[in-house]
Structures are given as structure tokens and as C-alpha cells.
Amino acid sequence: MTTSFRSPAGAATVFSTDQKIRVGILHSLRSSRTVFLGRNVFVGVHSLPPSSSSPSSIQAVSTPAKPEAAKPTKRSKVEIIKEKSNFIRYPLNEELLTESPNVNESAVQLIKFHGSYQQYNREERGGRSYSFMLRTKNPSGKVPNQLYLTMDDLADEFGIGTLRLTTRQTFQLHGVLKHNLKTVMSSIIKNMGSTLGACGDLNRNVLAPAAPYAKKDYLFAQETADNIAALLSPQSGFYYDMWVDGEQFMTAEAPEVVEARNDNSHGTNFVDSPEPIYGTQFLPRKFKIAVTVPTDNSVDLLTNDIGVVVVSDENGEPQGFNIYVGGGMGRTHRMESTFARIAEPLGYVPKEDILYAVKAIVVTQREHGRRDDRKYSRMKYLLSSWGIEKFRDVVEQYYGKKFEPPRDLPEWEFKSYLGWHEQGDGAWFCGLHVDSGRVGGNMKKTLREVIEKYRLDVRITPNQNIVLCDIKSEWKRSITTVLAQAGLLQPEFVDPLNQTAMACPAFPLCPLAITEAERGIPSILKRVRAMFEKVGLEFDESVVVRVTGCPNGCARPYMAEVGLVGDGPNSYQVWLGGTPNQTQIARAFMDKVKIQDLEKVFEPLFYNWKLGRQAKESFGEFTTRI
């Protein structure tokens, strides 16, 4: 006997009676029962509305069904574009062939999934000069030597002559013209890189500590980040079809990744779909994941949709993971229904289950995240609406197990990894501060020379800095000297304010920018330092300053001790109360502060902090207390 049904992707599937089919059933969402269809064939059947089909007909589904809606749910315009795109191909494939310097609205949305945003210089008058920003995908911030040199070349030949290190451990390459896109994309792919999924409604780059320590927990965290990135990478081939004519350049995947992706024991997958996890619609919005080890909050763990922390035994052997869910920074001015949120504990899983647990969380967001209004489509709004208990219950249906209580962890610290450090394998690494992550001019030339001469791999940090890896002891002095001559100084010569500061690119290319960020932060930090000196604060004292040109929060300003969020021309909304270890969210303090009025706002605050703080009380802790 055979049984056929249609998957959510619409493909008919036939099973013989020799196969056992297990289909997930969410009792809390819809009444269901199990039907015996023949030897070893069991299918979960959900209550169905009346239909014209035979009264005895049943429906088998590969994902738990949602409750009946009184009327069709409204969907955003982007959802329609995704549905009609043939898995993120059409009409982008046609738009790339036109003579126009830009692509149409639908293609603008689709090219994000390929790792690119269409932009134009907002300061030019008399027409728009279109170009494209490309963003790479580098789990754990790892950049092989070959890829770094390729990106350096591409920036000069096809970009604006600079590379930008991002807050998610990737490169951004600005200024690429449409007719050069295929050349640039294919060069990245053929030189150990990728931009697939660096933007768009899917899992973005997976963060992990950039430090190349030869320690079990760090190595395991980075391996886990690689595996999660592979698990949630698109499978339908649209990226390679577009940029390298279908040629595959994928590295071999770990067997546990393939097994976890293909497993449909609990109704997570679209059967026979080119995208078993994402389907035709992918996710409702962007999705961000970070992995780290106890104490190391270099990754801003709690700002992610999923935060994963390695838990080891007393011998340092990794045993499992604590999981946190529901973080996210983006919000909209004057809409209190949108908000920044930090993640909260979900539970603990043994190490062999982490891919299944992450997949279950992603599928919960896929099935239940809002698709009608993109302002509310991030998973943090689902957590806020449901609460952690209901969210955990639904995730456990897809996971197939109960989460254990999270394990106790020590206090978090922000680790910059600037300066020289022993890796633990006989080599050294050197962390270099790069203001706002912008690599250009003599700094870019010198970095290229050092990385090429010594054949160094590099890593990008979540704080927009760069780490040179695998350096021999006898190279240290000459490398330090050459870098210093290009302004790449050791941390003792860099203002502490600059070491922790971040800014997004904003003007002139970001279409969302309301005011300056990257171009404005150097003078802002100098003015903060001058205020410190005026009120009597020492040079080694600092606050975490983050500046963004709009409320979307790319530089994570809502975790800063001083967050400046663009809310008008030369104007910022001021946020106070984050902590140096990024574990507490800030609060809005004042709106519409003009750039020229920063001293009026901050001098009294810094003065009161100096006089009224408790022992070792940070500025963020002080402002929260008072």
C-alpha cells in the first residue's frame, strides 16, 4: 500500500508501507489524532474544516498546523515578493541583465538574500548614482588569508577604496556598480568567501569570540558557530545559480549538520522542498545568533535572537549549552509598540542536541512570527507576546524533548582582545583597534603588506576591530613597529573611549540614516574626553559610547552607557544605562538633542557621576541607580 500527500511546498510525496512516517503534532495549537495507514505507517492528522473531498480523506502535514483563522491573514509586500521569486531568483535574474544602473523594488528585496543592498549617494544632487553594498558571511569572524587579500583588491578595483569591518564580524564592501556585481560576487566565492544570507529574512552571520585561543571551550564555540551557520544556510542553489552559473563552491559539511537538517521527526521540515527549513517564504525577518563561552561577552550575546553559551565540566570538557532567546535592537521612533529587548534564558541542552534545539527555535519563529507588518516580525515580539513559558512549550514540540534548567554561569565581561596575546599553541595573536571598522588609506596598505608577507589569517571582532592570527614570536617586534607607523597602535596608546565605541556607517550611503554616525563619532569622542577633563575624570576612565544614524540599532546603541540614536538632522535621542559588560539595556533619556548641545546634557551627568558614584560604579550603573 502507498500513501501520498502534499508538503507545504506543494510537492506530492509517496510513501510505501515499509516506511515509518512521523509527523509532529502540536496538541496545544490544534486537536489531532494519529491514524494507522498500514504496516509501520503512522500520520498525525489535524482537525480539518469541511471540504468537498471524501469524508474519509485525511491530511498529513510536515509542520504543525496553525489554528483556523476567521479570515485570511494579511501579508506584507515582501512576503508576496518572496513567494513569487522561485526561491529568490525572479525578477532579480532579469534585472541584473538590464542596462539600468539599479534594479526594481522586488529585486531590491531579493538581492538582500544574496548579501547585497542597493544604495545611492544621498549627498549628490541632480540625480541618483546607484551602487551596491556587499556584505560577507564569516562565522566566528574567520577570514582566510586568501579571502582577505581578495577583499582588499576588490575594494580598490570595484569599490570606494575602503573595507568596513562590521558589528557582526563581516566585511562590507561599498560602491560596487551593478554591471560589476557578478565579477565581484564570483571572485569572493572562488576565494573561500561567501555573501549568501548576509542580509535578508534568514539567519545572518553567526557570531563567536574572535580570539584564536587553543582552548577547548573556545574551539568548541567556534565549531558550533560554524555548524549552526551551515545548518541554516539556504539549500536551493539560487546564490550559485546567479553568480557562478550554478557551479557549487560549498565546503564539506559535518555529518551531524546534514543529519540535523534532514531530520523531520517532529514536523520541522518542508518535505521535498529545495529549502527544507525555510520553504518558499524563508523567515519573517532577519535572524541573529551568537555563540560564546562563560565570561566572554565580546559577542553582545543578549542582543541576539538566539544566544548560545558553552557549558563545560570541571575538567574543561564541553558538555552542553545554555540557550537564551528573544534579543533584538531595532525599533521605530515614536512607536512605543516597537522596542529593543535583551534575550532571556530558555534552558540547557546537551552538546549533541544543540543543532536540533536551534532548528526548533528557528521553526517556531518561521511558523508563528508575524508576516503582516515587518515592524513586528522579529522573534522578540513573539517572545513578548507569548511569554517565555508558552514559547518554551511550543519549541519543545519541535525539539521533541524538554529543556533542562540553565546552568549557573559566572559574571560576564566585555573582552576586546586588543594587543598581543598567546594563543596557547606556541603562536601569538594581535588585536588591532580600527575606528568604526573603516580600513582605508595607509592603514589598509600596511595591513595588506603585513598579512601578505607573513601569510596571516585574520578575524573580525564584533566591536569592528581586526585580529591577526598565528604570529611567530620572532615576528612580533617588526610587525608592531610597522603597524604603529600606520596608526595601528597597541591598546595602551589608544584612548579607552575609542576602544569600546562603535558607530554604523549612516551617511552618505545608508538609505535609512537620519543623521551622522561614523563620520560624526570621532569628534563626539574628543568632546566626551574634553568633558571628562573638565570635570576631573582620569584618562583611564571611560564610558561605552555607541552612535547610530537611525533607530534600527546596527551598532547596538541600546546596550551602551551612552547611546546616541539619530532622530533628526544633527539631532540624537540620548539613551543611558547600559553597562560595560553589555548585560543591561539602556533607557531613553532625552529626545532631539542637537549635536552642538551635547555638553549641556553630558557635563552635569559626568560631574554628578564623579561626585556621587559608589565604589567601582560604572557610568551606566550610576545613571540607572539615580
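Predicted model: local features only at pLDDT ≥ 70, side-chain atom pairs only at ≥ 80, totals over all residues.
Student: At what angle do α4 and α5 pack?
Tutor: About 165°, with the axes 9 Å apart. Helix α4 covers residues 145-158 and helix α5 covers residues 181-190. Helices are DSSP runs (H or I, at least four residues), numbered from the N terminus. Axes are lines fitted to C-alpha atoms over the stretch in contact, and angles run from 0 to 180 degrees between N-to-C directions.

Student: Why is α4 called roughly antiparallel to α5?
Tutor: Because of that angle. Angles over 145 degrees count as roughly antiparallel, and 65 to 115 as roughly perpendicular.

Student: Which residues make the contact?
Tutor: From α4, Q146, L147, T150, M151, L154 and F158. From α5, T183, V184, S187, I188 and K190. Contact means heavy atoms within 4.5 Å.

Student: How many of those are nonpolar, polar and charged?
Tutor: The contact of α4 with α5 has six nonpolar, four polar and one charged residues. Ala, Val, Leu, Ile, Met, Phe, Trp, Tyr, Cys and Pro count as nonpolar, Asp, Glu, Lys and Arg as charged, and the others, Gly among them, as polar.

Student: OK, α10 and α11. How do they cross?
Tutor: At roughly 115°, with the axes coming within 6 Å. So α10 is roughly perpendicular to α11. M379, L382, L383 and W386 in α10 meet I388, K390, F391 and V394 in α11. That contact has seven nonpolar, no polar and one charged residues.

Student: And α12 with α13, what is the angle there?
Tutor: Roughly 160°, and the axes come within 9 Å. That makes α12 roughly antiparallel to α13. N442, T446, L447 and V450 of α12 touch I479, V482, L483 and Q485 of α13. By class, five are nonpolar, three polar and none charged.

Student: New topic. How big is the largest cavity?
Tutor: Its volume is about 30 Å³. A cavity is a set of points on a 1 Å grid over the protein atoms alone where a 1.4 Å probe fits but cannot get out. The volume is the space filled by probe spheres set on the points, which are joined across faces, edges and corners.

Student: What lines the largest cavity?
Tutor: S298, F414, K415, S416, T461, P462, N463 and N465. Lining residues have an atom within 4 Å of a point. Two are nonpolar, five polar and one charged.

Terms used
Residues numbered from 1 in each chain as written. Heavy atoms only, no water. Helix = DSSP H or I, 4+ residues; strand = E, 2+ residues; numbered from the N terminus. Parallel < 35°, antiparallel > 145°, perpendicular 65-115°, else oblique. 1 Å grid on protein atoms, 1.4 Å probe; cavity = no way out; pocket = protein on both sides within 12 Å on 5 of 7 lines; lining within 4 Å.
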